[in-house]
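Trainee: I have a new structure to read. Please show me how to start.

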Amino acid sequence: MQPSEMFVGSIDQGTTSTRFLIFNRDGEPVASHQVEFNQIYPHPGWHEHDPLELVSSVETCITGAVRSFESQGFTRTSIACVGITNQRETTVVWDHETGEPLHNAVVWTDTRSQAIVSELKTRPGASNLQSLCGLPLSTYSSATKLLWMLGHVPKVKDAFERGTLAFGTVDAWLVYRLNGGAAANVFVSDSTNASRTMFVNLETLRYDDTLLDFFGIKGKIHLPRIVPSSDPSAYGVIVNGVLAQVPIMGCLGDQSSALVGQKGFSPGMAKNTYGTGCFLLYNVGEKPVFSTHGLLATVAYDFGGKPVYALEGSIAVAGSGVKFLQNNLSFFQDSKEVNDLALTVEDNGGCVFVTAFSGLFAPYWIDDAKGTIFGITQYTQKGHIARATLEATCFQTKAILDAMEKDSGKALSELAVDGGMSNSDLAMQTQADLISIPVYRPKMRETTALGAAIAAGLAVGMWRNFAELRDINRAGGAVFEPQITRQESATKFEQWEKAVCMSRGWISTDSTEGKDGDRTLNNETKPATHDSQHTNTNKTTTNGAPLPPTANRGLNIPKSAPRQTNSPLVSELITSDGFGTTLKVKTRSAANGESDRNRDWDFSPAKTPLISVSGDLDDADEEDLFLELRKVEILQKLKKLQKLKLGYF
Ligand SMILES: Nc1ncnc2c1ncn2[C@@H]1O[C@H](COP(=O)(O)OP(=O)(O)O)[C@@H](O)[C@H]1O
Ligand SMILES: O=P(O)(O)OC[C@H](O)CO
């Protein structure tokens, strides 16, 4: 078949929906089919998918799209190969011998492993992990989700002990099942997906013994072989259905795929995808850049030569915030209506919505933050909350761009966007306003699917090089120019940052960790659809609970979990003119009866993202003091912003 006669299929298995698109050589989608699948929320903070439903959703979409393709007069034999792109980190476990899943997939948004994360942070070696794998220890990565299953699901534990436990991200699971499961045992994961597990060394793109040892799984679990994102033979062939015998030749985690789909092939190029969550990837070239400002180091793509890396800013909630307004608050029937609802009011009316449903990801990494709406009065209308919901993602994008500029030393001149929520003109205008640079939205927004099509198409020879992709999706995009001043933007952002500070510390530990461990598959869980609401039976709200530590704040996170019994008191603020000043701290150890002590602490945010503390307290004191310093930092900020008299000192 000549390249010009070829088509390429792309499976896009996202967090809320699955789709299959068929692209021609001009990168135009000629047929597609999309289905939503069940979102399972068994407890507050938990989020699961049924692994078998993920596979059947893919099969349904392939059938639907191929039907539409054929109805236009094309033949299925012209589909030369298929690429896969998928939600990342979502963790699937199955029996290596039978190929059957052992539990629902634990989704990337799920925060049940919060207590595990706190414990892991106290282990020797914890502070070195990020320099190996590029990711911070958090509930986000696959590793902590796997550990939770090992600790709480008997079937998973049994398989682990018998040596039959297979672990994979969604790409590995789909490839395995599309190839026929255990019979063919095509068990691979591409570098962009594998590097999101915390098991992989970012430089070698191989499993790293230090990491596997740290998580206690070395040699005890079946892990997929790591292969390039574009490969003619590694991914096998689809064995069933309308595309039986069509080879799979490309695979990319969805955010990498969007970068490829936006043709972000040169260092300095970036894209921001507003899907369920929102993810900004910035191409840094052939060497990973390890962030010191709360970003992730990740693989942009690995097309067989030297891999290309990216700095990533991950936001947990974007379109899912819109879905929350739709499904949980019944504000509208369809996501696209959020734009018009938000336009019923002129501004947010003083509302700020910190959409921290999964804590806050980059650049904050606050596991314990909870969704919080500030500024509600009798004046507040649905439109204000709709605006505040859209703004939340835009503010976080602004924070990420600031961090990226600090890490890379370069400022972006334009931001390329895509993903479901980018369809909202108001959201994109707000984004341009807040980051003070133009936002470019391409005409064809299925860039995530296009990326996987490109990965597969390059492997089959449909395109021979990047140059041949140049004209794809270039015409007809929209540009949103900033319409407010930098000063206005900065004022809005200050208010957002204040809200972020105030959204934390509501719940001191994960209230649901450890519960309900005997559940295994979806039929044993409460069937949860979009509108299902679940009762929190185990509330642990603590008024005035200490603020837990935050990663990457310039202080060694100490061994033990936060304690309330030995909390020192911050007694005196010597200077109160913002950061970079000296703070005198008086500590009193209630537990060991020590007398009061005075120490001077230097706030040096210029050197570290928030605070840097020097001194020679022992670990326990240091931890307590850190918690108090976080309060001071927040209070300082409040004082500065609002000149409040808080009566704390
Ligand atoms: N017109 C729109 N305006 C705002 N949000 C939208 C719009 N269309 C879709 N969305 C949001 O985008 C998300 C879906 O985007 P998509 O890129 O398909 O995500 P995913 O790949 O994570 O499933 C949904 O959460 C939905 O609420
Ligand atoms: O479903 P999306 O598009 O929000 O992407 C999910 C990410 O891959 C999670 O890391």
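**Backbone and sheet**

Mentor: Begin with Gln245, which counts as exposed at 58% relative accessibility (exposed is over 50%, buried under 20%, partly exposed in between, with a 1.4 Å probe and protein chains only). This is a predicted model, where local features need pLDDT of at least 70, side-chain atom pairs count only at pLDDT 80 or more, and totals for chains, interfaces and linings use all residues. Residues are numbered from 1 along each chain as its sequence is written, and side-chain values use heavy atoms, with hydrogens and water left out.

Trainee: What is the phi of Gln245?

Mentor: Most residues other than glycine have a negative phi. Gln245 has a positive phi of about 80° and is not a glycine. Gln245 sits in the loop between strand S12 (225–227) and strand S13 (248–253). Strands (E, at least two residues) and helices (H or I, at least four) are DSSP runs, numbered from the N terminus.

Trainee: Is Glu89 buried or exposed?

Mentor: Glu89 is buried, at 2% relative accessibility. Its phi is near 65°, also a positive value. Glu89 lies in the loop between strand S5 (79–86) and strand S6 (91–95).

Trainee: Which peptide bond is cis?

Mentor: Most peptide bonds are trans. The bond from Ala362 to Pro363 is cis, with omega near -10°.

Trainee: What is the strand order in the open sheet of five strands?

Mentor: Strands of a sheet pair through backbone hydrogen bonds, either parallel or antiparallel. Here the order is S3-S2-S1-S5-S13, with mixed pairing; two strands pair if DSSP finds at least two bridges between them. The edge strands are S3 (29–36) and S13, each pairing on one side only.

Conventions:
Chains lettered and ligands numbered in written order.
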